[in-house]
Amino acid sequence: MTPKAIDVSRLPAYAFGHRSIMWWGGASLMLMEGAMFAMLIVSYIYLKGRSPEWPPGYFAPVLFWGTLNTVVLLASALPNHFAKAAAERLDLRRLQLWMCVALVFGVGFVVIRVFEFRSLNVWWDSNAYGSVVWTLLGFHTLHLVTDVLDSAVLTALLFVGPLQESHFTDASENALYWYFVVITWLPVYAFIYLAPRLA
Amino acid sequence: MIRGVTIVLLAALPLAGCERETRRYQELPAASSRPSSTQVSDLVPGLPTPSPPFLSPYQENAYGIAEGKRLYSAFNCNGCHAMGGGGIGPALMDYKWIYGSSPDQIYSTISQGRPNGMPAFGGRVPTQQIWQLVAYVQSLSVQVPRDAGPGRDDDMSARKSESRLDRMLPRTTGHR
Amino acid sequence: MPAIFQSALHPAGPQAASISHLWWLMFWTCSAVYVIVIAALLVAISRRRMDTRPSDGTLRTSVVTAAGITVVILFGLLFASVATGRAVASLGAAEALVIDITGHQWWWDVTYENPTPSLQVKTANELHIPVGRQIRIQLKSSDVIHSFWVPNLHGKMDLIPGRQNLLWLQADKPGVYRGQCAEYCGVQHANMALTVVAESSDDFERWIMAQRQPAPPPSTPEQQHGLQIVERGPCAMCHNVTGTVAGGRTAPDLTHVATRSTIAAGTAPNTRGYLAGWIADPQHMKPGAKMPSTGLSAEELQAVLAYLETLR
Amino acid sequence: MMEGATADPRLEPAALAREARELARTWREPEGFIGWFSRIDHKTIGVRFIVTAFCFFMLAGLLAAAMRLQLAQPRNTILGPDLYNQIFTMHGITMMFLFAVPVVLGFGIYFVPLMIGARAIAFPRLLAFAYWMFLFSGIFLYVMFLLNVGPDRGWFSYVPLAGPEYGIGKRADVWAQLVSFTETSGLSVSVCLIVTIFKLRAPGMALNRIPLFVWAELVTAFMVAASMPSVMVASGTLMMDRLVGTQFYNQAEGGDPILWQHLFWFFAHPEVYIIFLPAQGIVSMIIATFTGRPVFGYLAMVLSLVATAFIGFGVWVHHMFTTGLPQFGTSFFTAASIMIVVPSGVQIFCWIATLWSGRVRFATPLLYALGFFMVFIMGGLTGVMLAAVPLDAQVHDTFFVVAHFHYVLIGGSVFPLLGGVHYWFPKIAGRMLSERLGKIAFWPLLIGFNMTFFPQHILGLMGMPRRVYTYPVEMQWGALNLLSSLGALTMFAALTVYLVNVLVSLRRGAVATENPWGASSLEWSTSSPPPPYNFHPAPTVTGREPLWEPDVAERPVVIGLSADKRDVLVTQLMDAEPDHRKEFPEPTVWPFLTAVAVGGLYIGSIFTPWAVVWGAIPTTIGLIGWAWPRKGNQPRHLEREIAHRHRAAAEHA
């Protein structure tokens, strides 16, 4: 006798959120990246705990640029949100629009980030404090830059490339990763800019 | 193109790698045989005879340079020359060297000593160690390959490590 | 050279003794567990008659029981371990003998602390300790991480740059106990040993008095020549000989080198032959050691040896 | 779901055959020179991982032989200290980074998709990238070794010994970049495994029906994801200390060498479980198959795996008991280190119960599983001893520890892996390994192993430290060391027989049927070796032991996945209900090119920090080429759908 069958041909060819494997890929990636940020922050706390004064022999970083960047980052969540929504409605026009807006923000805080490094008041090779704040800031910048590049490529794809279901999923995952970059910034900001003032 | 880069890198390594990494614990023949006539200044009577460029045996050897660095403070060279910045003795980071900055000249400066305070270490420091000091002194003015120069030491960081110094001027005759 | 022990199984002091008790407890318990489990395994695989297949209920009960017993045993061992830890830690004493030990690549710099600096004693690679007295050992490192370990007396403790670690020792019976660096510290990690001589307090007093003396002046002309070479030659750049102008600080103190049982941090016995070989060509005996080959002539070498032998 | 199942004309044998031919075309692996670098099938990559890893296993074995030769007698002079230190370091990092982790992940890569009835692994291109990174890391390490730039600071590379002042030359940087290479690879693989196990399971394979091996790989993948970042941070900061003068580990400038040890061991202890959990999964599969019954206590087994993973992150400090940490803290880690024995114990008891109540067949794979018990249990017990702070103070960094972790790793991992090769070789190669040669190899291996490592317990207690290239005559360590070296020789011979068996059977082995062992898991339901598309028609699952369930004949199958493109069924996380179809990417050479670019970046950054900057350019190009879709395969229905939605939106407004 012929075995019974489950026909899956009617199932959709794409899905969003935790239904899609892209989402889980992104989630695993964030787990790892998050673990790295956690390790760096743990190192920061460890070194802080071993130092009698903090920051040791230097002025705390200037608040202005870092705070400005925090504001910009948080603001960027908005176009990001619209992009995500548009992607999940398969609304190509709006998706293109909002991706561009998000990109502008992205370039914006990469630029501001340059001033942040200059406002740290310490060099990476001055002492362990300098090393860890430079590394924290640098590691987050790395994420900023890669994510901006990522979005740029995706946006370009949406304009010129052959369109596929996956691109909408990618766009929505890209937005998710963007949130991740924004959220990881908050603890990093707290430790780089606020912790030296509390100590 | 990318693959090319990697291949070139790998091909370059044997040249760099081997010489940089060898640990020559035994004294080398090159080190024991000292250049016979050492020119202290470029001024010579009659027509100038270009002195042949002379390589110090540890010039590209990380171990030799690191040992030189250890001895530099062990023998209290930094007492007068500081970390190359100079003090009682002349600075070693610049290129205007009273008695020449080529390896053989540095060698004889250390072993024979110089007027106004530079003691002669000849009989007291084995030739091997003098050559190691030569290599380190060269690293202070970035006359050794950067990848062989010492990194920062586990101490108060007074200044950039030798491997990160910026060269002050085109390499002197001392280096090939 | 007296017979040398370096074994955790032959404790010669209270700390090592309580640790070895813990060891034997663990050994017998774990052996028993191993035998039982493997026996159960063998029975399990050798059963042929399948009609007596146990029900899952039976299996569940036995697995749960086994797990329960495991937990109980483990708690027992945990308790024993913590108890031993406390016992060993509580062995510190107020009027202890304080010894500073600084690790170098690859030798041990030993200083007997004393409130009056002139009474301090500097030596290397060999400790003398009075039997039955608590020794407070303060461990520092001048370069990389080393680990101080004399198994017959106590477990190991690391020497870490920028920190000071403490170790309390006591020897109950006289003897020579060998120790060795137990943290990989570079090319000659294998040849970084030290000797601990435990002796009666009288012998110890005699020894430390002798160590406080400066080096005796050389008598024979050969010895005097030797001293000249030591002072004017390469030796003085690194080595110190109290009472002479040889004041180097980067290598072992030689003031009483002739009283020590080994050279080059336990690499070889301290005999004229080995000493000659060591000075003539250190890199052959201990490749990578910081001592360079000095290129002394045979005649100079003999003179130096003659002088060093007077440093008792 | 099962209710909706109906008989279907597409299941007529003729139709199935036709579709199979089309599937074979669609999923075919590319041929030719470029094609060879473009392959992305998880079976190809899995085999590559396993074979490459075993090659490194042999290399590391040769290094071990060299060490045993040097230590065979006191004051031996075959190897000088400088070379010996490079060799023991190379042995350690090769075994840990280039053999153990890649091989356990490799088994997962090959068998997880087959065991869960999936057509492919998630993110196949990422997987290919991971393999190239792994391969390059090995080549890189051994080229450096031949150039006398082999790492010589131990696989743990403690600072300051490996730091800028005492880690002379570039050897320590080679260690750091090897770590970057292998961790990049390991993290990528773990992403593939996690997503595959969560989302690509056959319909009906709910979480509580996942085979134990797959559970083990899942837990392992999560441990990789959580622990490897720690060592990435460690090696990264070490590189920066050495290259650009940061002060992380300089105690004179507020840094601390102990921070290194925390970062390293927070990774390196879980690493042991990363190596060992999948091996436990293999043991479970083997025991189930050769007792003819499911492993007793499925839930207990799974919970033990998870518990081991969690406790495994709470024990790292027991590698640092001699650094003078405060007593209270250490006793917590003692407790954790002792209690981690409990889950392993539960698993062992469950296996014994399984053997007790099953009908045991003494095939070679089972022999290796039994060898695992003999050896691993002793390793576990010495582990308990090492967890006790005072005892650890005596035996830490001695040969006792060397013996301990070889009992744990060889017993807990290598024996099961060798058994696993025997078990799965028919599926991979389509031929059986010779049982006789397998048994001939097993006994000398077991004896030789104990000959090699048991004496080392005693040596450690007799005061012989680790990592010494020689030892004095008067220490009376000679005899036991000689015995140990002879044991190593025996192991060497045994493993040679094993290798011969593999090579011979590849050609002359008896041809394997679909399910030669009568096993229960899904990989045995497809042909040996499996077709590129794994299953046709794709299976469904109604129980834990699919091939042993009574309904195996009339269980419904999955149809309707298009055969003209790489269509894969994505199911839901918990109950694996069909959710949607996802088109998987075609083979491409871009992952290889990207790996070359990243490799260039890593190697270059040993010499100059700027390598990171200019290396980023080719890397970005590679990633773009990787992500950019092929022209002209824009699905029509998508445009229709988009247009439809816009119309709907317009009408709505």
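This report looks at some local backbone features and helices of a predicted model.

Two peptide bonds are cis. One joins C:Gln105 and C:Trp106, with omega about -5 degrees. C:Trp106 sits in a loop of chain C, between strand 1 (97-104) and strand 2 (107-112). The other runs from D:His536 to D:Pro537, with omega near -10 degrees. D:Pro537 belongs to the loop of chain D between helix 16 (478-508) and strand 1 (557-559).

Chain D also holds residues with positive phi that are not glycines. D:Ser157 is one of them, at about 45 degrees. D:Asp397 is another, at about 60 degrees. The table places both.

| Residue | Phi | Loop in chain D |
|---|---|---|
| D:Ser157 | about 45 degrees | between helix 5 (124-146) and helix 6 (171-199) |
| D:Asp397 | about 60 degrees | between helix 13 (389-395) and helix 14 (399-429) |

**Helix 3 of chain B**

This helix covers residues 62-74. How far apart are its end C-alpha atoms? They are 18 Å apart.

Of its 13 residues, 11 are buried, so the helix is largely enclosed by the rest of the structure. The buried residues include B:Ala62, B:Tyr63, B:Ile65 and B:Leu71. Among them are also B:Glu67, B:Lys69 and B:Arg70. After helix 3 of chain B comes B:Asn76, with a positive phi near 60 degrees.

**A helix pair in chain D**

Two packed helices are described by the angle between their axes and the distance between the axes. Helix 17 (residues 590-604) and helix 18 (residues 610-627) of chain D pack at an angle of about 170 degrees. Their axes are 8 Å apart. Angles over 145 degrees count as roughly antiparallel, so helix 17 and helix 18 of chain D are roughly antiparallel to each other.

Which residues make the contact? Helix 17 of chain D contributes several, including D:Trp590, D:Leu593, D:Ala597 and D:Leu601. From helix 18 of chain D, the contact residues include D:Val612, D:Gly615, D:Thr619 and D:Trp626. The residues of this contact divide into 12 nonpolar, seven polar and no charged.

Notes. Residues numbered from 1 in each chain as written. Chains lettered and ligands numbered in written order. Predicted model: local features only at pLDDT ≥ 70, side-chain atom pairs only at ≥ 80, totals over all residues. Helix = DSSP H or I, 4+ residues; strand = E, 2+ residues; numbered from the N terminus. Axes fitted to C-alpha atoms, helices over the stretch in contact; angles between N-to-C directions. Parallel < 35°, antiparallel > 145°, perpendicular 65-115°, else oblique. Contact = placed C-beta atoms within 7 Å. Nonpolar A, V, L, I, M, F, W, Y, C, P; charged D, E, K, R; others polar. Expected span 1.5 Å × (residues − 1). Buried ≥ 20, exposed ≤ 12 C-beta atoms within 10 Å, placed from the backbone.
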